Amino acid sequence: MILHRGALRSGIELAGALSLMSFCPQKCPNPDCHSSTAFIRKGHFRIRRIHLKIRKFQCKSCKRIFSSRTTKPDYRHKKMDLNFKLAKLIVEGNSLRSCSRILQLSYSNTYRKFLWLKKIVELHKDKLKCRTHKIQFDELETIHHTKCKPLSVALIVSEEYLLLEAQVAEMPAKGRLAEVSRRKYGVRQDHRKEKLRESFKNLTKKLVSPPEVIESDQRPGYRQLVKEHFPQSQYLQYNRSEKERLQARLHEKQNKKKFDPLFPINHKCALLRSHIKRLTRRSWCTTKKPENLQLHLDIFILMQFVKSF
Ligand SMILES: [Zn+2]
């Protein structure tokens, strides 16, 4: 491949020159046209924001003009370089409003970009494959704007501390708030079991082979669920109250270095509360729409696997 001498001046220009040279259309983007080979080159255009020079093509049969950008998910985005930056910022403990201040975007544009990230999550969903020896699962509790509307998040973590699955579920309020919650917001549904089942179902698609060991705490119904999805795996349950008693005793002895069998999942729960701003306790940044919390968690999972999109 012969490159323009000017194009070799900087890495950015080199990348631009390569994209200009390398794209070769395979198919016309017009859904009504079935032409696959007859294209002519039709000049080029430059995207100054990302220093790219892009060639345009024209279909000989339907006369549609297109380029490599036409089929990209960020087609017609004016600030396409901020999409990945936004995804990075929201999984590093920033709220959407703080992201908008950092990126110098308006809040509505930031929010629209955040919703657009769902397209990227959908695109990568089937491509994420993982191989692990051991998995742990648990449920994390958070709120939907008020403590009277609690939400539960079913989490599955691999031995390598990777978050593999997260599903948000509606749950009724507990304790003293239960009565207040029923009076103010009506009876809340309990979707925790279904969502945990859904996360196990999604996990079976994501894993290359079933895990050898599955660990969790002792909550009723967990054993049945594991048996349904991974009948061959060894299932270990740890008693939480026993662990707490042990920790209290250890505290007396001032010997904190005791092995916690569920450390990966507990560590991930703590990490999520720090890295996803809306999961932070005692904060005014709360989830206003449960579907956005789900998207936020999906972006977190995706960002563990991808370096760019
Ligand atoms: Zn065409």
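**Notebook: helix crossing, sheets, cores**

Started with helix H2 (residues 82–90) and helix H10 (residues 290–305): their axes come within 9 Å and cross at roughly 105°. That makes H2 roughly perpendicular to H10, since angles of 65 to 115 degrees count as such. For the record, this is a predicted model.

Next I looked up who touches whom there. From H2 I get Ala 87, Lys 88 and Ile 90, and on the H10 side they meet His 296, Ile 299 and Met 303. Sorted by type, the residues of this H2 contact with H10 come out as 4 nonpolar, 1 polar and 1 charged.

Moved on to the open sheet. I find 3 strands in the order S1-S2-S3, with antiparallel pairing. Which strands sit at the edges? Strand S1 (39–47) and strand S3 (65–67) do, each pairing on one side only. The twist from one strand to the next averages 35°. I then checked S1 against strand S2 (residues 52–59): 7 bridges, antiparallel. As a landmark I noted Phe 45, whose bridge partner in S2 is Ile 54.

Then the largest nonpolar core, which has 22 residues. The ones touching the most other members are Ile 135, Phe 137, Val 153, Ala 154, Leu 155, Ile 156 and Val 157. Two or more residues each come from strand S4 (134–144), strand S5 (146–158), strand S6 (163–170), helix H6 (192–206) and H10. Which element gives the most? S5 does, with 6 residues.

Leaving aside neighbours within four places in sequence, Val 153 contacts Glu 139, Leu 140, Thr 142, Ala 166, Gln 167, Val 168 and Leu 297. Apart from this core I found another, of 13 residues, and its members include Ala 87, Ile 90, Leu 272 and Ile 299. Ala 87, Ile 90 and Ile 299 were already on my list from the contact of H2 with H10.

S4 and S5 run antiparallel and are joined by 10 bridges; Phe 137 has Ile 156 in S5 as its bridge partner. Their hairpin leaves 1 residue between the strands, and His 145 there takes a positive phi near 70°.

S5 also runs antiparallel to S6, with 7 bridges joining them. Here I picked out Val 153 again: its bridge partner in S6 is Val 168, a residue I had also listed among its contacts. How many residues lie between S5 and S6 in their hairpin? I count 4, and Tyr 161 in the turn has a positive phi of about 65°.

Conventions: Residues numbered from 1 in each chain as written. Predicted model: local features only at pLDDT ≥ 70, side-chain atom pairs only at ≥ 80, totals over all residues. Axes fitted to C-alpha atoms, helices over the stretch in contact; angles between N-to-C directions. Parallel < 35°, antiparallel > 145°, perpendicular 65-115°, else oblique. Contact = placed C-beta atoms within 7 Å. Nonpolar A, V, L, I, M, F, W, Y, C, P; charged D, E, K, R; others polar. Pairing = 2+ DSSP bridges. Core = buried A, V, L, I, M, F, W, Y, C linked by C-beta atoms within 7 Å. Buried ≥ 20, exposed ≤ 12 C-beta atoms within 10 Å, placed from the backbone.
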